[in-house]
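The sequence and the structure are shown first, and the description follows.

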Amino acid sequence: MRRRLLLVLVAVLLAWAPAAAAEPPGGDRAWPVPGAHGARPLVLRAWVPPPQRWAAGHRGVDLAAAPGTPVRAATPGRVSYAGEVAGRGVVAVELTPGLRTTYEPVRAVVREGEPVRAGQVIGFVAPGPGWHCGAGCVHWGLRDGQEYRDPLSLLPPWLLRRPPSRLLPLVVSAP
């Protein structure tokens, strides 16, 4: 009877344990830029696939990041390009043949052909006028052959979740 009660108690405790306890510490995926206080970064503009390949859309996500912020490889791969495109610094990382991520505007610290790990710094957010994010961001893209994909699909669900809310103590000042 005691053993059965103990097993039920353990099962209940495991069911109530926070989901984060069962998650890997990072593995082979990472956010390209950090968010405030170590949280996930703010997505300023989401991926909006065009109705046709040639039509308007947003072929990536914009992640809030100030100039000078380290930019990290979201996945392991090999740098297929590190240079300028239309006056902006771009780093492209090939994950598998035909599947690659892009990061811009980035001042690269990696070179073409270099292997990278998930979470490895590949550059820094480059400052500059004319970028579409005002206060600064990294445009993170994913391309599969000729098709653009949502780069957030590379991240596991536990990385996409926001951390739990924390309540702060209520401080009432004396009159």
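## The nonpolar core

In the largest nonpolar core, which has 23 residues, those that touch the most other members are Val71, Val91, Tyr103, Val116, Ile122, Val138 and Trp140. Such a core is a set of buried Ala, Val, Leu, Ile, Met, Phe, Trp, Tyr and Cys residues joined through side-chain atoms within 4.5 Å. Two or more core residues come from each of strand 2 (61-64), strand 5 (88-96), strand 9 (121-125) and strand 10 (137-144). Strand 10 contributes the most, with 3 residues. In soluble globular proteins, nonpolar side chains tend to be buried together.

## Basis of the description

The model is predicted: local features need pLDDT of at least 70 and side-chain atom pairs count only at pLDDT 80 or more, while totals for chains, interfaces and linings use all residues. Residues are numbered from 1 along each chain as its sequence is written, and side-chain values use heavy atoms, with hydrogens and water left out.

## Overall architecture

The protein contains 2 helices and 11 strands, arranged along the sequence as α-β-β-β-β-β-β-β-β-β-β-β-α. These elements are DSSP runs numbered from the N terminus (helices: H or I, at least four residues; strands: E, at least two).

Of its 175 residues, 31% are buried; buried means under 20% relative accessible area, exposed over 50%, and partly exposed in between (1.4 Å probe, protein chains only). Among contacts between residues at least 6 apart in sequence, 61% join residues at least 24 apart, a contact being heavy atoms within 4.5 Å.

Strand 4 (residues 77-85) and strand 5 run antiparallel and are joined by 7 bridges; two strands pair if DSSP finds at least two bridges between them. Glu84 is located opposite Gly89 in strand 5. The hairpin of strand 4 and strand 5 has 2 residues between the strands, and Ala86 takes a positive phi near 55° there.

Strand 5 also pairs with strand 6 (residues 99-104), in the antiparallel sense, over 5 bridges. Here Val91 has Tyr103 as its bridge partner. Beyond its neighbours within four places in sequence, Val91 contacts several residues, including Val79, Tyr81, Val106 and Ile122. The hairpin of strand 5 and strand 6 has 2 residues between them, and Gly98 in the turn has a positive phi of about 90°.

## Arg53 in a loop

Arg53 lies in the loop between strand 1 (43-45) and strand 2. This residue is exposed, with a relative accessible area of 54%. Leaving out residues up to four places away in sequence, Arg53 touches Arg59, Gln146 and Glu147. Arg53 and Gln146 are 93 residues apart in sequence, and their C-alpha atoms are 8.8 Å apart in space.
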